[in-house]
Amino acid sequence: MLTDDLAVGTEDWTPEFFAALYAMTVAPPIGSHLGVGAWGFDGETTMPDAVQALELMSAQLDEMVWLSWIHAVSASRPLTESLVSRVVPASVRAAALDVVLARLGVVVLDDGAEREIRYTAAAIAAYVGWQAGIPIEFEQEWSALWLNRERLLAKEGRLDDLGRVDPEMVAATTSPESFRRYLGVIARKDLGELVFLSFCLDAVGRSYLLHNLLFEVLGAFGRPTGPDDGVQILEHFAAGQEFEVRLTLARALVDHADTTDWAGTAWALADALLRDCVPSELPNLQLRVEAWVGEVLKDHGLPDAFLARVGESPRDWEDAADLEHRFALAAERSNALRLKSRFETAIEELNRMRRLVEASPESRLKQDQIFLICRNIAIIRRDAHDHEGSLVELLALLPGVAEHKRTDLYSSLAVSYVSLGRSELAREAAESALEWSSSGSQRGTALALVAQCRSMSGDTTGAREALRSIQREHLANITTLLRVCVTLLNLDMRESSIGPSWEGSIWGLLDEVLDDEGSSGDTYVRELLLLVRTTRRELQGAMSAHEGWLELDRLSRNIYGVPSPEALIGLALEAWRREDMGLLRRHLDQVSAALVGRFKEAANVSLTATTTSVLQNLLDLLVDSVLERGASTELGRVLAELSRDLLGRTATGKPVEFALPWDDVLSTSHGGWTIVEWLESGQEILCLVTTLRTGAHPETVAIHMPPLFDTLGAELLPRLRYWKPNDPNEPFAIPAWDGAEMWVRWLASEFRIERLVIVEHERYVEVPWQVLFGPHCPVTCVPSVSLLLASSSKIEFGRIGAVAVSRYGDQPAVSAELDNAASAIAELASASRTHVLRGAEADRVACLDLLSQADMAVFLCHGVFDAGSRSMAWLVADNGVLPPAGRFGGGPGAQGHRITAVECDQLASTARVVLSAACSSGVAQYAGVGEQIGLFGALRRHGTTSLIAPRWDVPAGEILPILVDIADRILGGEDPVLATQLACRSAADRLPRWIAWALFHQGTAMEDA
């Protein structure tokens, strides 16, 4: 029964209470009774009277909602907390919301009411509108009330006031126009008051409004054209103002300047700001001003002009300043060093500051500073293209990160995963960043990152949805604009548009930013913006792309000291169109060295591989253009080489591996080899067969691949992986195999192949080439022709190492077979030059030491796929314990038992020849621009020229004797490639083909063998 006094007991009127009452007026449960005061009704009530009574009761409920929500606010409780717990629009009917907003509107528009009451009523109305998706009619008044209250709180230093509300709600329920109108009113009264609004404007992502307003005010004097103009305008407007006001105006003057002397203007303003400071305050104020100048000069790519003034290391007097100001200047010093590509020195400066911060008293500021130091170090590593090092730094921050820093951290993680090509992990991190984002520019940046990651993973619908949620004002953030443009480029390439009008406005904004050199952030950001725009223009066939490539190349040389690999391909495209083959070659020959300059810090090619995706798109464009015109097979070979193993071969640091296979280069290589490789365009894939003869020009023929090879590997691999010795028939008993053997016989005969090099292609990596070609000739698989150019001299095997490790729970026969094979290897050489690790003593440290010290290393153990390195791993002992049984090697907890490509990459040197009996340890995978991922991909960087290992699972008892035979032949002086073929062919006389030919040779031959 509803009472007449609706103001009694509002604290008990919860959202659940209202939801229940409204539900009862619509469909009362059986046995329940509703009563209402029948004012004006006498005697029996008719149906119309009953309906009127129910309407009256609903109206009373609507009034109760209004009273409940207005009384929900408590002076002792945060306003946001009250709104979230008590104001639930979904619990009431739509008519009640109209009543609530109307009642609140009366209070808000009442100029005679207390300002705090009006603010509270406006905040409740804004929250209701935000949650219910209803625009409020007094949005302008709400904007003014919120801004005025935030200004006063900032002025009084009461930033922890309980009446503050969620900035995201404010951004969603107000307009930039209303904010601009309020700012104009304040500026006319007292320009200095605007300073106190900077914090709240930044919270809602509208700090640009303050900058724009100051531009308008300062515009009365025109844009400063140099140091003298800037100082004159500052002294006119800032005379008698507090330091904060003067600094804000100085910031606006620099942003507003029309000058090329950015350093002179910034430093002149800095000197003017500090001229009349109280000496006791000077250290703090000087560091603040210098940190600001550092930001300005960073944005304009002028690190030398900053470091020349503040030095590369702290000055003695800086110790007198507060830690927070020393921290700010150290961050800018580090940024300047980063811009000079002095990455390690930049990190040292941050670590120096970290030690000081860690020694300071505990505080939230301290936690934030340590977080920023570690995150900046990760960003520096990413700029240095040490993507895996950056990822390690960021992941270390994840446990226990403060809530208000989670968006920043997840955003950085997403960017690192994007750089590494891990689209699903990037998407997860981006979605987390969006979940924890607050409002304004932060939310816009998170939305742009989500859109980019969704497009990478193929979710074009989700990417378009995220893009449409980005507001125009979000694009004032240069990082947001960059990510939006990258996503639009990805969508264009997938032929998925978000709408020509929307896209056109974005690309137009990008042009504005790039045309204004001072507005595009630091030089790294400008480089990325320019790369995106020029790539788009190239894909569109625009003539302006050429100028873009030239500018990008100049910018890359300034940043990294080397040309831009993407620009080189773009310029090569232009040279090809002009039929200037000399210029084409000069551009293409520089690509490898340019990549070395870019990725010299990268330790793990498998992680860095997919950072070259734009390069791959440009190469595809060049290949399509070349094939369309019908270019020479020489150029076809060169483009095939550029389309694979770019990072793998440049990471070795050997100049010979930078060379491209032009005719004059290949003619100097060791003759007697035939090279089979593939060149793929968007329309077709060609097989290039090249015959090398010592001292003669190579002869290359292009042939079309039989379609049966497209699916041959996918059909065979599952059969080979799980085939058992007692299975009937053999895994090769499929129709396509006969056709493949026929084609191989024809190829071997037609080209008189004596020794064969298969340059693997991602499409055919699962094809068992050793089984097909092995009976006809020695064969080796390599990721690029560069390895053939770097053929090694004959090896003197001074030290032989062998590792024999079974798994816990293995059958005794398996353990015995591994141990006997190790003994057999030891017997092939004298005891003085053989070192064998057995069982529990063969832990990771000992095995890696053996691998780095031996000339030949033999791994007689099990293999397992390691998801972290995306490659097969050797299973060894750990802390005196054998590796666990099971196909997955005990899962993540067994990481100490694994030797992966990552551990191999950390060695200074590795054995020249490595033999492995571990199941599937010869498997190679490919990513990015044809980058080989696997054990050989890591070993080759540190000295290994031959890896002989199975590419599928085979019985130990059968494969071990073949491996020992190969070792015997190599130690007897046989070339590893020929030794592998002879041993396998001998085994084929007594064993099924899938066992006899399971061992593949990867790498090069020895010239003098």
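In which handedness of crossing, left-handed or right-handed, does α20 pass α21? α20 passes α21 in a left-handed crossing, a crossing being left-handed if the near helix is turned anticlockwise from the far one by less than a right angle, and right-handed if clockwise. This is a predicted model, in which local features need pLDDT of at least 70 and side-chain atom pairs count only at pLDDT 80 or more, while totals for chains, interfaces and linings use all residues. Residues are numbered from 1 along each chain as its sequence is written, and side-chain values use heavy atoms, with hydrogens and water left out.

**Helices α20 and α21**

- Helix α20 (residues 406–419) and helix α21 (residues 423–436) cross at roughly 160°, and their axes, which are lines fitted to C-alpha atoms over the stretch in contact, come within 8 Å.
- That angle makes α20 roughly antiparallel to α21, a term for angles over 145 degrees.
- In contact (heavy atoms within 4.5 Å), R406, T407, Y410, S411, L413, A414, Y417 and V418 of α20 meet L425, A426, A429, A430, S432, A433 and W436 of α21.
- The residues of this contact divide into 11 nonpolar, 3 polar and 1 charged, where Ala, Val, Leu, Ile, Met, Phe, Trp, Tyr, Cys and Pro count as nonpolar, Asp, Glu, Lys and Arg as charged, and the others, Gly among them, as polar.

**Helices α12 and α13**

- Helix α12 (residues 243–256) packs with helix α13 (residues 262–274) at an angle of about 170°, their axes being 10 Å apart, and the two are therefore roughly antiparallel to each other.
- α12 passes α13 in a right-handed crossing.
- F243, R246, L247, A250, L253 and V254 of α12 make the contact with W262, A266, L269, A272 and L273 of α13, and by class it has 10 nonpolar, no polar and 1 charged residues.

Definitions and conventions
Axes fitted to C-alpha atoms, helices over the stretch in contact; angles between N-to-C directions. Helix = DSSP H or I, 4+ residues; strand = E, 2+ residues; numbered from the N terminus. Parallel < 35°, antiparallel > 145°, perpendicular 65-115°, else oblique.
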